[in-house]
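The following exercises are to be read beside the sequence and the model. Each task is followed by a solution in steps.

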Amino acid sequence: DILSKFQGKTRDILSRVICKCITTLPFIEIVEICNCDLDAEFMEIFVEYLQEYYTLRGRDARITILSLQSNPIIDKGMIELCKLIRMNNKCLTTIKLQNN
């Protein structure tokens, strides 16, 4: 729950670094970020990076599962996630959101 230790610009930069790392790892298939204090602001950034990832990689995209359980994502974050779902990329088959 490293994100909870930072606020403002520092948290924004850390969020962007985390998202960039996730979306540039060449063989990552499962992204599990559970109980990490992900909030709506993080989801905005994360979805932005994932949309770019799926658009640029197309059929070569590998991330199939997003496990985001036990995070305070709230409605605004879920609305951001809906943008990713609307893309309907065939690679992304599972999004786990229990206890959010």
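**Exercise 1: A residue in a helix**

E80 is buried, with a relative accessible area of 11%; here buried means under 20% relative accessible area, exposed means over 50%, and partly exposed lies in between (1.4 Å probe, protein chains only). The model is a predicted one, in which local features need pLDDT of at least 70 and side-chain atom pairs count only at pLDDT 80 or more, while totals for chains, interfaces and linings use all residues. Residues are numbered from 1 along each chain as its sequence is written, and side-chain values use heavy atoms, with hydrogens and water left out.

*Task.* State in which helix E80 is found and with which residues E80 is in contact, leaving aside its neighbours within four places in sequence.

*Solution.* Step 1: locate the residue. E80 belongs to helix α3, which covers residues 74-87. Helices (H or I, at least four residues) and strands (E, at least two) are DSSP runs, numbered from the N terminus.
Step 1: list the partners. Once neighbours within four places in sequence are set aside, E80 contacts M43, E44 and V47, where contact means heavy atoms within 4.5 Å.

**Exercise 2: The chain as a whole**

*Task.* Determine the order of the elements from the N terminus on, and compare the radius of gyration of the chain with that of a compact globule.

*Solution.* Step 1: count the elements. The chain holds three helices and three strands.
Step 1: read their order. From the N terminus on, they follow the pattern α-β-α-β-α-β.
Step 2: apply the globule rule. For 100 residues, a compact globule would have a radius of gyration near 13 Å, and the value for the chain, 13 Å, agrees. The radius is taken over C-alpha atoms, and the rule is 2.2 Å times the number of residues to the power 0.38.
Step 3: Along the principal axes, the C-alpha atoms fill a box of roughly 35 × 25 × 20 Å.
Step 4: Of the 100 residues in the chain, 35% are buried. Among contacts with a separation of 6 or more, 81% come from residues 24 or more positions apart.

**Exercise 3: Two helix pairs**

*Task.* Describe how α1 and α2 are placed relative to each other, and do likewise for α2 and α3.

*Solution.* Two packed helices are described by the angle between their axes and the distance between the axes.
Step 1: take α1 (residues 8-24) and α2 (residues 40-57). Their axes come within 9 Å and cross at roughly 25 degrees. Axes are lines fitted to C-alpha atoms, for helices over the stretch in contact, and angles run from 0 to 180 degrees between N-to-C directions.
Step 2: classify the angle. α1 and α2 are therefore roughly parallel to each other, since angles under 35 degrees count as roughly parallel, over 145 as roughly antiparallel, 65 to 115 as roughly perpendicular and the rest as oblique.
Step 3: name the residues. Among those that make the contact are D12, S15 and R16 of α1 and F42, I45 and F46 of α2. By class, this contact of α1 with α2 has nine nonpolar, three polar and five charged residues. Ala, Val, Leu, Ile, Met, Phe, Trp, Tyr, Cys and Pro count as nonpolar, Asp, Glu, Lys and Arg as charged, and the others, Gly among them, as polar.
Step 4: take α2 and α3. The two axes come within 8 Å and cross at roughly 5 degrees, so α2 and α3 are roughly parallel to each other.
Step 5: name the residues here as well. The contact includes M43, E44 and V47 of α2 and E80 of α3. The residues of the contact of α2 with α3 divide into nine nonpolar, three polar and five charged.

**Exercise 4: Positive phi in the loops**

*Task.* Find the loops that hold D37 and N88, and give the phi value of D37 and of N88.

*Solution.* Step 1: recall the background. Most residues other than glycine have a negative phi.
Step 1: examine D37. D37 sits in the loop between β1 (30-32) and α2, and its phi is positive, near 65 degrees. With a relative accessible area of 24%, D37 is partly exposed.
Step 2: examine N88. The loop between α3 and β3 holds N88, whose phi is also positive, near 55 degrees. N88 is exposed, at a relative accessible area of 61%.
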